[in-house]
Amino acid sequence: MRVEYSKELIRKGISTISQLKKAKVKVEKTEGKKKISYRDAKPGKIDINEFKKAVYLLIEADDFLYKKAPKHELNEEEAKEFCKLIIKCQEHLNRLLANFGFEFEEKEISENALYIVSNKKLFKKLKNKNPNLKVVCTEGMLDIEDMKAIGIPEKALEGLKKKVEIARKNVERFINKYNPEKIFVVVEDDKDELLYLRAKQLYNAEKLNADEILS
C-alpha cells in the first residue's frame, strides 16, 4: 500500500514536469555556466527526505495546471505562489543531486551586513543559519504610525511609543557599532513590508525575502 502511494506521488510529479516542459517556457541561459549532465553523476546515496519534499511541492504546484486550465494564465499573486513552489522544489532537487557530485551555487549571507527582523522566531532562524550574523530584532514597528497601520487600537498606541523608540535606538546602536556594508530587512509577511519601508526611509535598508535565505 505504502509502495503504491509512493509510486503515485512520483507519477504525479513526473506528469507535472512533463506538462511544464510542454508549456515551452523560455529560460535564458547564463553564459559561462556548465550544463549539467546525468553522465557526470558520481556514486552516492538518495536523500529520501529531499526527494519527497521536491515531489510534494510539485504535486502542490500541479493544482495550478488544473485550476487555471486551459489557458494557464496566472495573476501576480498566483504567479508568485506558483514560482515559489517551483523554486523551492528546485532547491530540494539541487540538494539531492549534490549527493551525487553535482555542485550548485547557494545564496551567500554576508556577515558584513546588518539584518533587521520583526520577531524573535525569525531572529532565531537566522542565528541558527549562521551564528555570526549581525541580527537585530525590533519586535514590532519603527514608527508609531506603522503600529496604527497594522491595526493597533488608538488607546494602546500611547503605551507603545516607548517600545517603538527603544526599537529604533537599538537598530541605530547596531549600525553605529558594526558599521555594516548593507542593511537588510528580512521580510516574511505584510507587516514586515511596513517595517522594510520605514527602515528604507530611515537607514536606506534593502529588502530580503525570508525564503531566499532560509530555504
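Two strands count as paired if DSSP finds at least two bridges between them. With that in mind, open this predicted model and proceed as follows.

Select β3 (183-187) together with β4, residues 206-209. The two strands pair in the parallel sense, over four bridges. Display V187 and look across to β4, where N209 is its bridge partner.

**The largest nonpolar core.** Next, select I116, V185 and Y203, the residues with the most contacts inside the largest nonpolar core, which has 22 residues. Two or more residues come from each of β1 (114-117), α5 (144-149), α6 (154-178), β3 and α7 (190-203). The greatest contribution is that of α6, with seven residues. Centre the view on I116: its contacts, not counting residues up to four places away in sequence, include V136, V171, L195 and A199. Apart from this core lies another, of 14 residues, including A113, Y115, V117 and V135.

**Aromatic pairs.** The whole structure holds three aromatic pairs. For one of them, select F64 and F82: the ring centres are 5.5 Å apart and the planes stand at 70 degrees, so the pair is edge-to-face. This pair links helix α2 (residues 48-67), which holds F64, to helix α3 (residues 76-98), which holds F82, 18 residues apart in the chain. F64 is buried at a relative accessible area of 15%, and F82 is likewise buried at 15%.

Finally, move to α6 and select F174 and Y178, four residues apart in that helix. Their rings form a tilted pair, 5.7 Å centre to centre with 50 degrees between the planes. F174 is buried, at 15% relative accessible area, whereas Y178 is partly exposed, at 34%.

How values were computed: Residues are numbered from 1 along each chain as its sequence is written. This is a predicted model: local features need pLDDT of at least 70, side-chain atom pairs count only at pLDDT 80 or more; totals for chains, interfaces and linings use all residues. Side-chain values use heavy atoms; hydrogens and water are left out. A nonpolar core is a set of buried Ala, Val, Leu, Ile, Met, Phe, Trp, Tyr and Cys residues joined through side-chain atoms within 4.5 Å. Buried means under 20% relative accessible area, exposed over 50%, partly exposed in between (1.4 Å probe, protein chains only). Contact means heavy atoms within 4.5 Å. Rings of Phe, Tyr and Trp (its six-membered ring) pair if their centres lie within 6.5 Å; planes under 30 degrees apart count as stacked, over 60 as edge-to-face and the rest as tilted.
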